[in-house]
Amino acid sequence: MFRRTFWFTAGAAAGVWATTKVNRKLKQLTPESLAAQAANKAIEAGHRIKDFALDVRDGMAEREAELDEALGLNDHPELPAARRIAAIENSPKHSKNPTYVERSTYSYNRNEDH
């Protein structure tokens with residue numbers, strides 16, 4: 001008698017456990033749950049990408065500082081005179097027709113069919 005009661009109770013407990021597991025899995029596979037999981041994964045990926053970009057930016061700034069120090073650019077932060085004059089001469093304020101625009105074949109009309 002105790003043997004039958006034991007096995008009946010064990011079977012009922014196994015049935016309840018299996019039913020609970022199946023229901024949890026079915027709830028995880030509903031469209032709303034899948035959308036929420038995808039959104040959470042996208043947010044996590046976005047945070048990882050942002051952290052990576054910040055690390056790259058920090059490394060880039062550090063390397064740029066190393067190169068500036070190695071090349072001695074920290075002493076004179078301004079452009080050399082020849083480059084500064086060339087940059088001013090080609091600026092739209094000082095020149096109505098800069099040379100790089102006159103020779104260009106690029107069309108600035110974005111609505112043009114290609």
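Guide: Let us begin with a definition: the expected span of a helix is 1.5 Å times one less than its number of residues. Please bear in mind throughout that this is a predicted model.

Visitor: How many residues does H2 have, and what is its reach from first C-alpha to last?

Guide: H2 has 41 residues, and the distance from its first C-alpha to its last is 59 Å, close to the expected 60 Å.

Visitor: Which elements make up the protein chain?

Guide: The order from the N terminus is α-α-α-α; there are 4 helices and 0 strands.

Visitor: What share of the residues of the protein chain counts as buried?

Guide: Of its 114 residues, 4% count as buried. The accessible surface of the protein chain is about 11200 Å², and carbon and sulfur atoms account for 60% of that area.

Visitor: Is Ser33 buried or exposed?

Guide: The cut-off for buried is under 20% relative accessible area. Ser33 has 19%, so Ser33 is buried. This residue belongs to helix H2, and, neighbours within four places in sequence set aside, Ser33 is in contact with Lys27 and Gln28.

Visitor: What follows H2?

Guide: Gly72 comes after H2, with a positive phi near 75°. Leu73 is placed in the loop between helix H2 (31–71) and helix H3 (81–89).

Visitor: With which residues is Asp68 in contact, leaving aside its neighbours within four places in sequence?

Guide: Asp68, a residue of helix H2, is in contact with Leu73 and Asn74 on that basis.

Visitor: How is a pair of aromatic rings described?

Guide: The description uses the distance of the centres and the angle of the planes. In this model, a search of the whole structure finds 1 aromatic pair. The ring centres of Phe6 and Trp7 are 5.0 Å apart and their planes stand at 75°, so the pair is edge-to-face. Phe6 and Trp7 are both exposed.

Technical notes:
Residues are numbered from 1 along each chain as its sequence is written. This is a predicted model: local features need pLDDT of at least 70, side-chain atom pairs count only at pLDDT 80 or more; totals for chains, interfaces and linings use all residues. Side-chain values use heavy atoms; hydrogens and water are left out. Helices (H or I, at least four residues) and strands (E, at least two) are DSSP runs, numbered from the N terminus. Rings of Phe, Tyr and Trp (its six-membered ring) pair if their centres lie within 6.5 Å; planes under 30 degrees apart count as stacked, over 60 as edge-to-face and the rest as tilted. Buried means under 20% relative accessible area, exposed over 50%, partly exposed in between (1.4 Å probe, protein chains only). Accessible areas come from the Shrake-Rupley method with a 1.4 Å probe; for residues, only the protein chains shown count as cover. Contact means heavy atoms within 4.5 Å.
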